[in-house]
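Dear colleague,

Please find below the structure that I am handing over to you. A summary of the findings follows directly after it.

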Amino acid sequence: MRLYTKGQIFISVAVGVFSAALISSLIFFKIGQKSVEKKDLSQSSDVQTEYYNEVSKIDEFQLEENPTVIIPVSSATTSYTQDEIQNINVYNACNEAVVNINTKVMAYDWFLEPYVQDGGSGSGSIIDKRGYILTNVHVIQGATKIYVSLFDGTQYEAEVIGQDLDSDLAVIKFNPPEGMELKTISFGESSALRVGQKVIAIGNPFGMERTMTTGIVSGLGRPIQNSNKRIIRNMIQTDSAINPGNSGGPLLDTSGKMIGINTMIMSSSGSSSGVGFAVPSETAIRVVSDLIKYGKVQRGTIDATIIQLNSRIAQYAGLDVKNGILVSEVARGGNAEAAGLKGGTEAAYYGSRSSIIYLGGDVIRQIDDIEISSLADYYSALESKKPGDLVTVIVRRNKKDVKLRITLSE
């Protein structure tokens with residue numbers, strides 16, 4: 001065993017104490033002197049205050065390094081703008097009166113055997129509590145079965161009451177169960193519309209029922225040719241989003257009145273590009289009344305057989321005009337004959353050996369203030385006329401314009 005003297009032991013203890021003190025001082029310096037020894041707190045209030053100040057600085061430093069984000073949550077009731085309230089009110093008042101229309105059509109397989117398949121789909125507006133629905137002709141055209149789906153998901157089979165190609169409007173009807181109270185949409189005044197006025201569309205685009213879109217009246221009085229090759233005049237142009245499935249649905253004003261029936265879009269892709277068109281309610285009111293009462297629209301007509309003029313016929317007949325409606329024959333004893341309208345006298349084959357027209361008659365160039373260059377123009381000019389109405393007709397006869405006043409027949 002090794003023995004140590006008292007001097008050696010004293011020196012070893014002193015070295016150990018000195019080393020411990022040195023290490024403690026280095027640690028204290030590394031901390032940045034952010035703390036004070038606790039034994040000093042009882043010595044002076046100034047020292048105690050300094051300690052708390054130092055500790056506060058450390059806490060602030062730690063808070064900046066690890067911030068706690070506090071997100072305020074409002075307990076106030078959600079508020080709506082005046083425009084939003086307006087939209088909500090119109091939707092609540094009208095959406096249950098908009099129906100989804102689906103059709104079945106007849107098709108044929110490779111062996112020419114008939115079978116039924118899904119047809120088109122579109123929208124419609126309930127306009128009478130008895131189950132009358134207004135829609136477009138092209139929505140139900142060619143259908144063997146028509147089904148309407150209401151807001152509650154119930155589905156009913158409907159029948160065609162009447163349809164009118166010239167306006168692309170149709171009325172169908174289903175029989176609501178006894179006790180069912182249907183919501184309806186009332187007509188507004190399309191004649192009072194102004195460009196820039198807000199409008200709202202509700203329909204079933206792509207089968208998504210009772211979808212609402214908003215926009216403005218972008219234009220008025222647009223003459224647009226529909227899919228049935230008929231020109232519909234005074235169409236309402238809107239930028240409210242209209243897509244496949246919206247056809248036949250209502251275009252509403254901010255009071256929830258139907259001022260138009262959404263009919264078509266102008267698009268290269270088949271989807272909404274911000275240019276949609278609606279038949280004005282002024283036209284719809286007149287058409288619907290006749291369709292429900294007569295099954296067709298009672299329009300005035302010029303009692304004559306007419307032919308679309310083209311350059312080949314014009315050249316063969318020696319005419320100085322190439323556009324217009326050629327009068328082939330005039331009904332004997334009719335209003336047109338009494339007004340002085342002249343038919344042709346020279347028979348000629350037209351189209352096929354079985355069709356004969358008569359050349360040499362008048363060429364209708366204008367009806368009232370509408371220029372006539374095609375059959376579409378002709379039917380469009382008479383679209384709003386009734387039997388007994390008097391129209392001014394300008395015809396080309398012997399290379400001169402002649403003005404006639406013709407009373408329209410039934």
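Y379 counts as partly exposed in this predicted model, because its relative accessibility is 33%, which lies between the 20% limit for buried residues and the 50% limit for exposed ones. Y379 belongs to helix α8.

The greatest contribution comes from β9, with six residues. The volume of this pocket is about 420 Å³. In total, 26 residues line the largest pocket, and those nearest its centre are R233, N234, T283, E383 and S384. Sorted by class, the lining comprises ten nonpolar, eight polar and eight charged residues.

A separate point concerns the surface. M106, Y108, L112 and V116 make up a nonpolar patch there, and their accessible area together is about 450 Å². L112 counts as exposed because its relative accessibility of 68% is over the 50% cut-off.

I would be glad to receive your comments.

With kind regards

Note on methods:
Residues are numbered from 1 along each chain as its sequence is written. This is a predicted model: local features need pLDDT of at least 70, side-chain atom pairs count only at pLDDT 80 or more; totals for chains, interfaces and linings use all residues. Side-chain values use heavy atoms; hydrogens and water are left out. Patches are made of residues with over 30% relative accessible area and no salt bridge: like charges are joined within 9 Å, nonpolar side chains (Val, Leu, Ile, Met, Phe, Trp, Tyr) within 5 Å. Accessible areas come from the Shrake-Rupley method with a 1.4 Å probe; for residues, only the protein chains shown count as cover. A salt bridge is a side-chain nitrogen of Lys or Arg within 4 Å of a carboxyl oxygen of Asp or Glu. Buried means under 20% relative accessible area, exposed over 50%, partly exposed in between (1.4 Å probe, protein chains only). On a 1 Å grid over the protein atoms alone, a cavity is a set of points where a 1.4 Å probe fits but cannot get out, and a pocket is an open set with protein on both sides within 12 Å along at least five of seven lines; lining residues have an atom within 4 Å of a point. Grid points are joined across faces, edges and corners, and a volume is the space filled by probe spheres set on the points. Helices (H or I, at least four residues) and strands (E, at least two) are DSSP runs, numbered from the N terminus. Ala, Val, Leu, Ile, Met, Phe, Trp, Tyr, Cys and Pro count as nonpolar, Asp, Glu, Lys and Arg as charged, and the others, Gly among them, as polar.
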